[in-house]
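Open the model in your viewer and keep the selection tool at hand. The tour goes from one selection to the next.

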Amino acid sequence: MPRKPKVIVTRKLPDSVETRMRELFDTELNVTDAPMSREALIDAVGRCDVLAPTITDEIDAALLEKAGERLKLIANFGAGVDHIDVAAATERGITVTNTPGVLTEDTADLTMALMMAVARRIVEGANVVQAGGFQGWAPTWMLGRRVTGKRLGIIGLGRIGSAVARRAKAFGLQIHYHNRKRVSPRIEEELEATYWDSLDQMLARMDIISVHSPHTPATYHLLSARRLKLLQPHAIIINTARGEIIDEDALAELLRDGKVAGAGLDVFEFEPQVNPKLLNLPNAVLLPHLGSATVEARVDMGEKVIINIKTWMDGHRPPDRVLPQML
């Protein structure tokens, strides 16, 4: 192991993070912040000890076949690792790490912001004012829906789902959830949460659905066209997890036809492309993947990347190692 391993960072990170990485490692930065091309990624994995990618980089088995003998760690800047073939990396003796936990509160905040924006038609109303179309208060104009007292169905009651539940409870929502495995009685009691073994049954009864599952083969189009049709016409759906979990074509059609009241999406199925069927729908609030977009979260994520690299460099198991059986 060289005194300072060669680390290649694929995107621009916060200045404080990049500066510290330069101090600790032989770090090559992406000063332009343009996503690396496939050719650039092949070059990078062929000559570095550590690759520090982000969700915009596809680290698949074919790319890893091009990796040199030096590459021993992929220190991902982000919690999600669906863009990395963890099994292929593990087979090649390459450790994969991520940055869990640090974006929980910020993503939960944004989820609540989307929930309120859709229910109260905030973006739609703001656009009217910006366009000079506000003609004064009227008793039946721009009516939204009250949030307090509604039923919120959370798909995936993990770190972020639980943080959303705590906020939603303070807003007076009734908490329901669907998980692969039921959470502990202590957590259910704390959140006053009702568990549904059947996702179909939960979807048909909720006023608001919020998605917080990871993207895996099992969750691809978990909210399929069939399941989306189970939603009540007044229901709204929020997704701050991964776009691939929802069948966007089906959702767009239901929104257009008024069979689902609204949607708040921070992620998209073919990101960064946004499904054109979703554009210009007044009942869809679309954000450019802002879930972890706070100064604090991005710095914390960078510090976790540094800790994972430093721990590996010192010959210890990184604290945020990801194994195939965890996915």
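How do the residues of the lining of the second largest pocket divide into nonpolar, polar and charged? The lining has 15 nonpolar residues, five polar and six charged. Keep in mind that this is a predicted model.

Stop 1: Select V118, A119, R121, A261 and G262. Of the 26 residues that line the second largest pocket, these are the closest to its centre. The space in this pocket comes to about 420 Å³. Now colour helix α5 (104-119), helix α6 (122-130) and strand β12 (284-286); these are the elements that give two or more residues to the lining.

**Stop 2: the annotated range.** Select residues 16-322. An unreviewed UniProt entry annotates this range as "domain: D-isomer specific 2-hydroxyacid dehydrogenase catalytic".

**Stop 3: A61.** Select A61, which lies in helix α3 (residues 61-64). Is A61 buried, partly exposed or exposed? Its relative accessibility is 30%, so A61 counts as partly exposed, the class between under 20% (buried) and over 50% (exposed).

Next, show what is around A61. Leaving out residues up to four places away in sequence, A61 touches D85 and A88. Finish by selecting V86 together with A61: the two are 25 residues apart in sequence, and their C-alpha atoms are 8.8 Å apart in space.

Key:
Residues numbered from 1 in each chain as written. Predicted model: local features only at pLDDT ≥ 70, side-chain atom pairs only at ≥ 80, totals over all residues. Heavy atoms only, no water. UniProt positions renumbered as here; feature names shortened; annotations may be inferred. 1 Å grid on protein atoms, 1.4 Å probe; cavity = no way out; pocket = protein on both sides within 12 Å on 5 of 7 lines; lining within 4 Å. Points joined across faces, edges and corners; volume = space filled by probe spheres on them. Helix = DSSP H or I, 4+ residues; strand = E, 2+ residues; numbered from the N terminus. Nonpolar A, V, L, I, M, F, W, Y, C, P; charged D, E, K, R; others polar. Buried < 20%, exposed > 50% of the residue type's maximum accessible area, 1.4 Å probe, protein only. Contact = heavy atoms within 4.5 Å.
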